Amino acid sequence: MIEEMHIPDQQLQEWANGQTGFDVDQKEHLSNCEYCQQQLAIYKNMYSSLKKMEQPVIPGALLQKIIRQLPSGEPVKVRLHRNDLVIIGLMIIMVLIPILYFNNSIKEYLSVARGISFQMCIITILGAAVFYLCTLLIDQPKTSAGKHQKM
Amino acid sequence: MSRLQEHLPPDHELVARVLQGEQQAFEIIMRASAGLVAHVVYRLISKVEDREDLTQDIYLKVYRQLPRFEFRSRLNTWIGRIAYTTCLNYLKKKKLLLIGAGTYEDGNGDGAGDDGASWLAKNYFEGMGNSENPEKRLLGKEIEFYINDSLEQLQPLQQLLIVLHHQQEMGIQEIAGIVEMPEGTVKSHLFRARKSMKSFLVKKLKKDEL
């Protein structure tokens with residue numbers, strides 16, 4: 001059966017790349033099948049040609065230009081990312097809401113002593129938090145491509 | 001891992017030195033990752049002037065984000081991922097659409113073609129064989145002559161995967177980390193890309209014979 005079917009392309013590719021081996025039947029097929037031998041040789045040749053191809057390089061002058069743009073001698077400061085702020089905001093909400101909801105003394109203080117509806121208070125906090133998180137998510141950092149001077 | 005990277009100080013040492021303000025350490029990081037970044041930018045961005053802007057943008061981002069690097073991957077992989085996402089964001093911002101075989105076009109139909117001569121000199125190989133069968137001829141030198149064309153007819157993402165795997169000699173796992181795709185998807189793209197390159201080469205030589 002194996003003599004009638006050629007070796008799948010995927011296996012030829014992997015074999016040429018030195019990733020996997022053929023089983024005994026496939027090796028036998030390969031030794032007798034000129035088509036499969038050619039396909040394997042094409043892939044091997046393709047891989048070696050790819051390695052010989054000239055590769056792109058970043059000009060040294062450009063690397064130097066980038067170095068000149070860095071703040072010299074100053075330690076790099078850790079800056080909070082927008083996603084960090086979103087996570088911190090969500091964590092605060094997750095902690096605050098149960099505390100507010102289950103703490104009867106706060107509930108009483110808000111609703112009785114101050115005359116503020118507890119439900120309204122929760123809705124207001126949630127609304128403000130959601131609005132703030134939405135503004136953070138919508139205002140994603142944009143690529144600053146093109147802002148640098150061209151060489 | 002390239003020979004240059006073998007002689008580099010470990011990632012954590014380089015990062016610590018940069019964070020203390022040592023520019024020379026950042027230069028070492030840049031030179032070690034320049035090949036990878038050049039491949040990513042060259043394959044995804046067709047305009048030379050944009051490539052230079054983006055390369056600056058990528059390294060300035062790397063510098064700013066270095067305090068956030070958590071050593072979950074190799075530093076080079078992390079830089080490669082920043083390069084890849086920066087290029088994708090740029091393409092999105094410019095509304096450049098991928099319209100098939102390795103070309104981009106913007107909304108006005110104005111092709112962004114450029115041979116990028118300052119980045120990559122064209123490679124010419126000598127010697128054309130005269131074997132009777134095109135597929136047999138591919139066993140010889142001719143494949144080298146057409147290899148660049150066969151690569152460039154692929155979609156930019158597939159081109160990138162091919163050069164990262166076959167020129168930069170990166171493993172599937174590392175490539176998957178850069179392009180943020182499952183390893184199976186990377187393997188599948190590579191398989192289709194290599195098959196397409198082989199078909200292109202065979203067709204090209206058959207056509208030349210006519």
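Mentor: Helices and strands here are DSSP runs, numbered from the N terminus. Keep in mind that this is a predicted model.

Trainee: Thanks! In what order do the elements of chain B run from the N terminus on?

Mentor: Chain B reads α-α-α-α-α-β-β-α-α-α-α-α from its N terminus. That gives ten helices and two strands.

Trainee: What percentage of the residues in chain B is buried?

Mentor: Of the 210 residues in chain B, 37% are buried. As for contacts in chain B between residues at least 6 apart in sequence, 66% join residues at least 24 apart.

Trainee: How should I read a nonpolar core, and which residues touch the most other members of the largest one?

Mentor: The general idea first: in soluble globular proteins, nonpolar side chains tend to be buried together. Now the case at hand. The largest nonpolar core has 59 residues, and Val37(B), Val40(B), Val41(B), Ala83(B) and Cys87(B) touch the most other members. H3(B) gives the most to this core, with twelve residues.

Trainee: What is Val40(B) in contact with, leaving aside its neighbours within four places in sequence?

Mentor: Val40(B) is in contact with Gly80(B), Ala83(B), Tyr84(B), Cys87(B) and Leu160(B), once neighbours within four places in sequence are left aside. There is a helix rule to recall when you look at a list like that: an α-helix has 3.6 residues a turn, so residues three or four places apart point the same way.

Trainee: Let me try another residue. Is Ile58(B) buried or exposed?

Mentor: A residue counts as buried if 20 or more other C-beta atoms lie within 10 Å of its own. Ile58(B) has 28 such neighbours, so Ile58(B) is buried. You will find Ile58(B) in helix H4 of chain B. Leaving aside neighbours within four places in sequence, its contacts are Val37(B), Ile82(B), Ala83(B) and Thr86(B). Take the pair Ile58(B) and Ala83(B): these two are 25 residues apart along the chain, yet their C-alpha atoms are separated by 5.6 Å.

Trainee: Now a whole helix. How many residues of H8(B) are buried?

Mentor: Ten of the eleven residues in H8(B), which spans 156-166, are buried, and the helix is mostly covered. Among them are Pro156(B), Leu160(B), Val163(B) and His166(B).

Trainee: How do I read the way H3(B) and H8(B) cross?

Mentor: Look at the angle between the two axes, taken along the N-to-C directions. The axes of H3(B), residues 23-44, and H8(B) come within 9 Å and cross at roughly 155°. An angle over 145 degrees counts as roughly antiparallel, and therefore H3(B) and H8(B) are roughly antiparallel to each other. Their crossing is right-handed. H3(B) makes the contact with His39(B), Val40(B), Arg43(B) and Leu44(B), while H8(B) uses Pro156(B), Gln159(B), Leu160(B), Val163(B) and Leu164(B). Sorted by class, this contact has six nonpolar, two polar and one charged residues.

Trainee: And at what angle do H5(B) and H9(B) cross?

Mentor: The axes of H5(B), residues 75-93, and H9(B), residues 172-179, cross at roughly 40° and come within 7 Å. That makes H5(B) oblique to H9(B). This crossing is right-handed. The contact is made by Thr77(B), Gly80(B), Arg81(B) and Tyr84(B) of H5(B), with Glu174(B), Gly177(B), Ile178(B) and Val179(B) of H9(B). By class there are three nonpolar, three polar and two charged residues in the contact.

Trainee: Next, backbone angles. What is phi of Phe71(B) near?

Mentor: As background, most residues other than glycine have a negative phi. Phi of Phe71(B) is near 60°, which is positive in a residue other than glycine. Phe71(B) sits in the loop between H4 and H5 of chain B, and it counts as exposed because it has 11 C-beta neighbours inside 10 Å.

Trainee: What about Glu180(B), and where does it lie?

Mentor: Glu180(B) lies in the loop between H9 and H10 of chain B. Its phi is positive, about 50°, although Glu180(B) is not a glycine. With 10 other C-beta atoms within 10 Å, Glu180(B) is exposed.

Trainee: One stop in chain A, please. Which residues does Ala129(A) touch, not counting residues up to four places away in sequence?

Mentor: Ala129(A) touches Gly89(A) and Ile93(A) on that count. Ala129(A) belongs to helix H7 of chain A, residues 118-138, and is partly exposed, with 16 other C-beta atoms within 10 Å.

Note on methods:
Residues numbered from 1 in each chain as written. Chains lettered and ligands numbered in written order. Predicted model: local features only at pLDDT ≥ 70, side-chain atom pairs only at ≥ 80, totals over all residues. Buried ≥ 20, exposed ≤ 12 C-beta atoms within 10 Å, placed from the backbone. Helix = DSSP H or I, 4+ residues; strand = E, 2+ residues; numbered from the N terminus. Axes fitted to C-alpha atoms, helices over the stretch in contact; angles between N-to-C directions. Parallel < 35°, antiparallel > 145°, perpendicular 65-115°, else oblique. Left-handed = near helix turned anticlockwise from the far one by under 90°. Contact = placed C-beta atoms within 7 Å. Nonpolar A, V, L, I, M, F, W, Y, C, P; charged D, E, K, R; others polar. Core = buried A, V, L, I, M, F, W, Y, C linked by C-beta atoms within 7 Å.
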